[in-house]
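Here is a short tour for a first-time reader. Keep the sequence and the model side by side as you go.

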Amino acid sequence: MAPANETVQAALVAGHLGHLTPDQTTMLKQLWDRILELFEQTGDPNSKPAPKKPVEEAAPKKSGGFFSRGKKEPEVQTDLFIGSTTDPNWLSLPLEKAMPLIPGKQLHATFWNMVATDNPDAVMLRFLRARKWDLDAAYNMLSNTLRWRLVMRVDDIVALGETGLHDELEKLKKGMGESFIWNLKSGKAYLGGPDKDDRGICFINVRFHHKEDQAAEVVKLMTLYVMENSRLVVGQPMETSCIVFNMEGFTLSNMDFDFVKFLLSCLEAYYPETLGQCLIHKAPWVFSTVWNLITPLLDPVVASKIHFTKNVKELTDYVPATSLPSFISGDESKKTKDEKLKVGAPKAGSLEKPKTAAVQDYEDAIKEYTFETKQWTKTDKPADDKGEGGRLTLAKQYRMARIKADGDIRGESTWQLKGMFTITDGRLVIDFGSDSWVPTDITERV
């Protein structure tokens with residue numbers, strides 16, 4: 001990969017690893033103390049999932065469209081996979097009442113699954129930056145994210161992989177798993193990259209989406225599945241990703257306001273500081289009306305990262321031409337790796353906790369990192385100490401252990417089969433496959 005350009009360097013500002021003030025370092029330590037204490041709580045032993053009765057969905061009426069404000073049939077749909085393993089009070093109650101109900105062991109597990117292959121300090125700092133260094137607000141945001149991940153079953157989505165998730169959804173409702181796979185293969189979303197700041201990219205073809213084609217839960221599951229898998233390409237110093245909405249061919253029938261709200265809530269509340277830029281490409285004039293409805297929902301920080309491009313030339317100000325898929329560039333002879341490669345079904349993952357040596361080493365790495373962090377919070381040492389036993393050394397040890405265990409923890413994906421991100425002998429290699437891209441080992445990027 002090309003050396004980090006000036007924009008990447010500009011991303012390394014105060015509040016990021018290696019650029020913390022003493023006060024920011026102190027606040028990072030305080031946040032660690034509070035979250036590690038949370039993991040020690042017992043929780044409510046009587047807190048159990050509510051029995052669920054599968055309910056047929058009332059299909060949205062096409063005639064109403066996006067702007068329907070008149071009479072509407074009452075919705076009788078319910079999520080079948082999401083929320084089925086947790087007490088509904090965990091998400092419905094106010095945060096201060098819900099959190100004591102949740103066992104600390106579950107919060108601990110989903111926290112480390114959220115960290116995944118990232119630098120743990122970098123994850124904590126995203127919440128502090130997102131809440132403008134207000135410690136209480138950052139703690140509440142982080143704890144709220146953990147309860148949300150448990151209810152949404154994000155860890156199970158990752159563990160099952162696309163084939164395992166297909167099988168689980170089919171058990172719940174015939175055709176639901178097929179709908180999930182169809183959405184993944186429909187051409188709605190492709191992964192690729194890099195953009196001009198070396199970020200991974202998710203290209204979304206809006207014209208292929210119609211709200212009535214699938215249950216809202218399927219859209220949520222697909223969104224979370226793509227987001228969690230695409231995080232594998234993230235490595236320091238660039239922590240963020242890029243989304244390109246290809247609006248060519250868009251009509252009002254493609255608008256799904258519920259999806260927009262869900263995606264925005266993910267980016268703003270549950271994956272803070274992970275969006276680097278969002279490009280809205282070739283939006284037709286009719287989209288201006290829709291945009292007027294979306295704008296009030298945007299967090300100012302997210303809004304500042306959105307750019308409109310009218311043509312390929314403008315888009316290449318942000319994304320190199322070699323990274324563009326053919327459906328945007330118009331050059332059918334130059335398809336991206338995700339576009340052109342066809343592979344079979346990945347192996348299904350499992351909800352059973354793996355007991356491999358790599359997983360045991362990973363769990364030991366978590367214990368060591370946690371122990372050393374508890375000790376570190378009582379010292380005046382910085383967060384970017386590169387010495388033996390320092391934070392960056394610990395983070396590298398943790399990351400490498402997590403990468404080695406990834407194949408046991410994460411269900412296989414189509415992108416892995418295509419070779420876009422592969423783990424061999426404990427090394428994580430990214431290969432977007434574009435003409436200017438060289439397969440890159442990002443294992444030790446902390």
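Three strands make an open sheet, ordered S6-S7-S8, with antiparallel pairing. S6 and strand S8 (440-441) stand at the edges with a single partner strand each, so one side of each has no neighbour in the sheet. Helix H18 (residues 391-409) packs on this sheet and touches S6 and S7. The direction of H18 makes about 80 degrees with that of S7.

Some ground rules come next. This is a predicted model, in which local features need pLDDT of at least 70, side-chain atom pairs count only at pLDDT 80 or more, and totals for chains, interfaces and linings use all residues. Residues are numbered from 1 along each chain as its sequence is written, and side-chain values use heavy atoms, with hydrogens and water left out. Helices (H or I, at least four residues) and strands (E, at least two) are DSSP runs, numbered from the N terminus. Two strands pair if DSSP finds at least two bridges between them. Contact means heavy atoms within 4.5 Å. Axes are lines fitted to C-alpha atoms, for helices over the stretch in contact, and angles run from 0 to 180 degrees between N-to-C directions.

**The hairpin and the loop after it**

Strand S6 (residues 421-424) and strand S7 (residues 427-430) run antiparallel and are joined by four bridges. Phe 421 stands opposite Ile 430. Thr 422 stands opposite Val 429. Two residues lie between the strands of this hairpin, where Asp 425 takes a positive phi near 55 degrees.

Phe 432 sits in the loop between S7 and S8. Is Phe 432 buried or exposed? Phe 432 counts as buried, at 8% relative accessibility. Buried means under 20% relative accessible area, exposed over 50%, and partly exposed in between (1.4 Å probe, protein chains only). Leaving aside residues up to four places away in sequence, Phe 432 touches Gly 192, Gly 193, Pro 194, Gly 200, Val 233, Lys 337 and Trp 437. Asp 338 is 94 residues from Phe 432 along the chain, yet their C-alpha atoms are separated by 8.1 Å.

**The five-stranded sheet**

Another open sheet has five strands in the order S1-S2-S3-S4-S5, with mixed pairing. Strand S1 (189-192) and strand S5 (306-309) are its edge strands, and each pairs on one side only. Neighbouring strands here are turned by 20 degrees against each other on average, direction ignored. Strand S4 (residues 275-281) runs parallel to S5, and four bridges join them. His 281 stands opposite Thr 309 in S5.

The table sets out the two pairs.

| Pair | Angle | Axis distance |
|---|---|---|
| H2 and H7 | about 40 degrees | 10 Å |
| H2 and H6 | about 100 degrees | 10 Å |

Angles under 35 degrees count as roughly parallel, over 145 as roughly antiparallel, 65 to 115 as roughly perpendicular and the rest as oblique. H2 and H7 are therefore oblique. H2 and H6 are therefore roughly perpendicular.

From H2 (residues 22-38), Met 27, Leu 28, Leu 31, Trp 32 and Ile 35 meet residues of H6. Their counterparts in H6 are Pro 120, Asp 121, Met 124, Leu 125 and Leu 128.

Asp 23 is exposed, with a relative accessible area of 63%. Asp 23 and Leu 125 are 102 residues apart in sequence and 13 Å apart in space, C-alpha to C-alpha.

**Two covered helices**

How many residues of helix H6 (residues 120-130) are buried? Eleven of its eleven residues are. They pack against H2, helix H5 (104-115), H7, helix H17 (357-376) and H18.

Helix H9 (residues 176-185) is also mostly covered, with seven of its ten residues buried. Among them are Met 176, Phe 180 and Leu 184. The cover includes helix H8 (154-172) and helix H10 (216-230). Just after H9, Gly 187 takes a positive phi of about 90 degrees.
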